[in-house]
Every structure is written in structure tokens, then in C-alpha cells.
Amino acid sequence: MSEVKKIATRDSYGNALVELGNEADNLVVLDADLAAATKTGVFKKAFPDRHIDCGIAECNMMGIAAGIAATGKVPFVSSFAMFAAGRAFEQVRNSVGYPHLNVKIGATHAGISVGEDGASHQCNEDIALMRVIPGMTVINPSDDVEAKAAVKAAYAMEGPVYLRFGRLAVPVINDNPDYKFEIGKGVTLRDGKDLTIVATGLCVSESLAAAEKLAADGVDARVINIHTIKPLDEELILKAAEETGKIVTVEEHSVIGGLGGAVAEVLSEKCPTKLLRIGVQDTFGESGPAVKLLEKYGLDANGIYEKVKAFK
């Protein structure tokens, strides 16, 4: 695991779109007046005739994307998670989800790590909103390598996809030749027998660091990266539950309806297991430096370590 190289997954999103644009002339990128922030500006520079700035009109942008998808092209619509999943929910549900159109939603600035923008922009509810839409695939990559792979996999599949990206630069942890991205398949990053930490997004690298701290205390923690919340890799989670007896979920999202909720649903039905959900505890965020907010809300390595250590 690299401890120096850090890249924000929103940057990975923009770079992956450019790479795809060189290969696929049916790729179209839409933005809601946030090209600089969502990093789709690099695609606009490379392919100005395939970039559409819809202005601050996210709901309308989803309808435009639906129409473009109906012509056979593959639109990637981009905005902050709060607007893509929140403001435009009705259009995503009815114009994209209901007809099961081939629209890809690139949602950046998710979670409390948006930082100083505060609670109004820190979307901790988007995974819950998107995974409840029938037929919607929901992906939350953990680093630069995974984010680029996720964008390309989303393009390759048919149907609506919600891709969640962050503002904060995070460690690159998947830069190894054995890494393979597959929608709906989790990745075991660290084996262990005492319990399993199931993490997603930027919390994956923090969970790995927490596992190292736990190891120093004699606790052998398995760490699983769940980049796809829907469809969930139930087989991998159930195997971990059976083998380690305890599951801890970690996410930069509300503990209600996100990864923790999805894992709880599976375990309660198929393998009742002791479960701890670490995430945002039914509260709004607040303005502040991203790293400090992660510390305050217990989503950094030390916060995860302390909560897991106290989990009996």
C-alpha cells in the first residue's frame, strides 16, 4: 500500500473519461456548471463537441441524458452527489431508472470529506437513495486505480450506474498487478480470523490502517473492500461472517441505508451475525477541514480502531 501517493477519485473520474473518449466516440459527458470541480473539464478540453454544460439545472440534465441514451449513445452525467442523487432523484428514478436507460451518473463531492462546504453539500444519503431504485448499479471506489476501472466497467455494461467519487485525495492502495475490478465482486485485501471489516470508498484505506493497529493488539482482522454496494457480493460477506463470526461495516455515509444497511439485510436473512456499523450516525455534517471531520466522526484509522477494539 502506497503511503505517499494520494489522488482524489474525482480526478480519476475526469481522467478515465478522457481515456474512454479516445476509444469510444459514442461517449457524451454532461455537466451542471461544475466542470472544474467534477473534473469533467478535462474531457471538455479534449472533446468539446461531446461535452454539454446544462447549467445549474440538474433535473433537466437527467432528462437530457435520458434522451441521449435513447439514441444509442452513452451519457455520463456529472454533478455533486447532493445534486445528482438528491436534487434530481425524481428524474433519476422516473426518466432513467424506470425505463432502465443506459445513463451513467458520476457523482463527486460525496460524504463529509467535502469539508468546508458544510452540511448542505455533504451528501451522506446518496447510496441509500440510489440503491433503492430498481435496476440501479451503485459503485463507490476506494482509490484512483479502482475509480478508473469502475468508470470503464460502467461504460461497458448496459443499464443505469451510480458512481460515487470524493473530493479529498486518498492513498492509492490497488496499484498492484494482481488487482482486478469486477462489478458486484468484493476484494479481500487482508486476511484475518477474529473479525471482518467490510469497508467502501475512502474508508477502505483507513480500515487497512486500523487493521494494522488492531494486529499490534493481537486482533487479527480481515479487511474486505466492497466497491459495489449494489449488486452486493453476498457470497463473500457470508463467507466472512461464517469464518470470523463478527462483521464491522465502515462507510463515509449514513449508517442508515448504505453499506451497513445492505450488509445487515443480508446477514439477518441468511447468516445472523454480530454486526457493528461505523459511519455517520443519523446526523448532518458540518463545515471544517476534511481530515478533521473524518477524525471527529470516527472515520479515520484511529476512530475505526477504537470502535472495533470496543466491539464485543
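## A pair within the sheet

Ala199 stands opposite Asn225 in strand E11. This comes from a predicted model. E11 covers residues 221-225. Its partner here is strand E10, residues 195-199. E10 and E11 pair in the parallel sense, over five bridges.

## The whole sheet

E10 and E11 belong to an open sheet of five strands. The order is E9-E11-E10-E13-E14. The pairing across the sheet is mixed.

Which strands form the edges? They are E9 (187-190) and E14 (274-280). Each of these pairs on one side only. Neighbouring strands are turned by 25° against each other on average, direction ignored.

## A helix across the strands

Helix H11 spans residues 259-270.

## Two packed helices

Two packed helices are described by the angle between their axes and the distance between the axes. For helix H9 (residues 203-216) and helix H13 (residues 301-309), the angle is about 55°. Their axes are 8 Å apart. H9 and H13 are therefore oblique to each other. The crossing of H9 past H13 is right-handed.

Which residues of H9 meet H13? They are Cys203, Glu206, Ser207, Ala209, Ala210, Lys213 and Leu214. On the H13 side, the contact is made by Ala301, Asn302, Ile304, Tyr305, Val308 and Lys309. The residues of this contact divide into eight nonpolar, two polar and three charged.

Key: Residues are numbered from 1 along each chain as its sequence is written. This is a predicted model: local features need pLDDT of at least 70, side-chain atom pairs count only at pLDDT 80 or more; totals for chains, interfaces and linings use all residues. Side-chain values use heavy atoms; hydrogens and water are left out. Axes are lines fitted to C-alpha atoms, for helices over the stretch in contact, and angles run from 0 to 180 degrees between N-to-C directions. Helices (H or I, at least four residues) and strands (E, at least two) are DSSP runs, numbered from the N terminus. Angles under 35 degrees count as roughly parallel, over 145 as roughly antiparallel, 65 to 115 as roughly perpendicular and the rest as oblique. A crossing is left-handed if the near helix is turned anticlockwise from the far one by less than a right angle, and right-handed if clockwise. Contact means heavy atoms within 4.5 Å. Ala, Val, Leu, Ile, Met, Phe, Trp, Tyr, Cys and Pro count as nonpolar, Asp, Glu, Lys and Arg as charged, and the others, Gly among them, as polar. Two strands pair if DSSP finds at least two bridges between them.
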